[in-house]
Amino acid sequence: MFFGFMRRRKKKGSRTEAKERLENMLSTRRRVVPISNFIDEKHFRNSVSEMENVVRELAAKYFNVAKHNVRVECEEHNGYVVIITNITFD
Amino acid sequence: MEKVFVVTSGKGGVGKTTLVANLGCALAKMGDKVCLIDADVGLKNLDVVLGLENRIIYTIIDVVNNRVKPEEALVKHKILKNLHLLPASQIATKEMISPEDMKRIIHQLYPNFDYIIIDSPAGIERGFRNAIAAAEQAIVITTPELPSISDADRVIGLLENAGFEAQSVKLVINRIKPKMVKRGEMLTKEDIAEALAVSIVGLIPDTDEMVVATNKGMPVVLNGNQNVSVIFENIAKRLKGQPIPIEADTIVPGGSFLDMIKKLFKGSRG
């Protein structure tokens, strides 16, 4: 018992724990989610240009600016769609 | 040989801007003509780290809006005349620039420089997309903590999706604490490289010199601290294709035994 007390248990450093957690965390992180999982890709591509025009017209009307001052871009971000609109005032 | 680099991370505050500034200075010190581009529109910092915040006349937004040519917006460094900065604007948003704009700007600057280094904003949205749009090689920077490594992994995945090949993505580990690594309380460079499956081009230790350098607006490469300066020079050399072993970056913060003795005497005099 005395010797057991003297023999210290080797402490597990936090590096080991971090390594295990990292392996679990990274197992699914790089998964690519294509837009076709949610919407027909051909339909999506065809609709983008039409939708950009509609947004451009609306923004120009409500902000009272020329259409060329409205820039609309539609981006696909790993399974979701972002519509970015910039309006420049002269 | 690639000459357009983007420095990115996903997570904020891991040292992207510091790396860009020091890498730019190291390359310029070697005689290369270098252009640094601050792609962090709205939260610009690269001008501050370089000490050029009072010299900005035009920004990247002026270039995007065709008010000036890219060369006209460049700010020359105070000491290194072959180091230039294309500053970001603070009163604009990342959405005001598109990846196509970035490609156009870099295409115009390309023939005039040996190296172009882009400072990416944190995050994986528009600013990140702009920053990587025209880059030929990506340097992902992370600290040895899990949130930062996890974000770096996400960014590496996005870079792969954007068409970057495995050998075009390199890793820099910042704020390594050798003593903690030795005690088994911090992930090692091998752990991180294995998890992210990319090769390491730099190991930067956690030192006070970085804070002092930023306060002075003088990157540590120009600040005379040999230990840390050598690390950035090593990274620059590796990017140029020189076979510098990664072990050359392993320094003990605080310096050698001789440095400690010097500090001791300095302290007793003060």
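Let's start at B:Ile117. Setting aside neighbours within four places in sequence, B:Ile117 contacts B:Phe5, B:Val7, B:Val20, B:Leu23, B:Gly24, B:Val34 and B:Leu36. Keep in mind that this is a predicted model.

One of those contacts is a bridge partner. B:Leu36 pairs with B:Ile117 in strand 5 of chain B. Strand 2 of chain B, residues 34–38, and strand 5, residues 115–119, run parallel and are joined by five bridges.

Now the whole sheet. Chain B has eight strands in an open, mixed sheet, ordered 3-4-2-5-1-6-7-8. Strand 3 (75–76) and strand 8 (199–205) of chain B are the edges, each pairing on one side only. Helix 1 of chain B packs on this sheet. That helix touches strands 1, 2, 4, 5, 6 and 7 of chain B. Its direction makes about 165° with that of strand 5 of chain B.

Next, the core. Which residues touch the most other members of the largest nonpolar core? They are B:Val7, B:Leu23, B:Ile60, B:Ile117, B:Ile118, B:Val140 and B:Val172, out of 85 residues. Helix 1 of chain B, residues 16–29, gives the largest share, eight residues.

On to the interface. Chain A puts in 15 residues, chain B 18. On the chain A side, helix 2 (14–26) and strand 2 (80–87) each give two or more residues. Helix 2 of chain A gives the most, with eight. By class, the chain A side has six nonpolar, three polar and six charged residues.

Last, confidence in chain A. The mean pLDDT is 84, and 83% of the residues score at least 70. Helix 3 of chain A (41–63) is highest, at 92. Helix 1 of chain A (2–6) is lowest, at a mean of 57. Where pLDDT is low, predicted coordinates should not be read in detail.

Methods: Residues are numbered from 1 along each chain as its sequence is written. Chains are lettered from A and ligands numbered from 1 in the order in which they are written. This is a predicted model: local features need pLDDT of at least 70, side-chain atom pairs count only at pLDDT 80 or more; totals for chains, interfaces and linings use all residues. pLDDT is the predictor's confidence in each residue, from 0 to 100. Helices (H or I, at least four residues) and strands (E, at least two) are DSSP runs, numbered from the N terminus. Two residues are in contact if their C-beta atoms, placed from the backbone, lie within 7 Å. Ala, Val, Leu, Ile, Met, Phe, Trp, Tyr, Cys and Pro count as nonpolar, Asp, Glu, Lys and Arg as charged, and the others, Gly among them, as polar. A nonpolar core is a set of buried Ala, Val, Leu, Ile, Met, Phe, Trp, Tyr and Cys residues joined through C-beta atoms within 7 Å. A residue is buried if 20 or more other C-beta atoms lie within 10 Å of its own, exposed if 12 or fewer, and partly exposed in between; C-beta atoms are placed from the backbone. Two strands pair if DSSP finds at least two bridges between them. Axes are lines fitted to C-alpha atoms, for helices over the stretch in contact, and angles run from 0 to 180 degrees between N-to-C directions.
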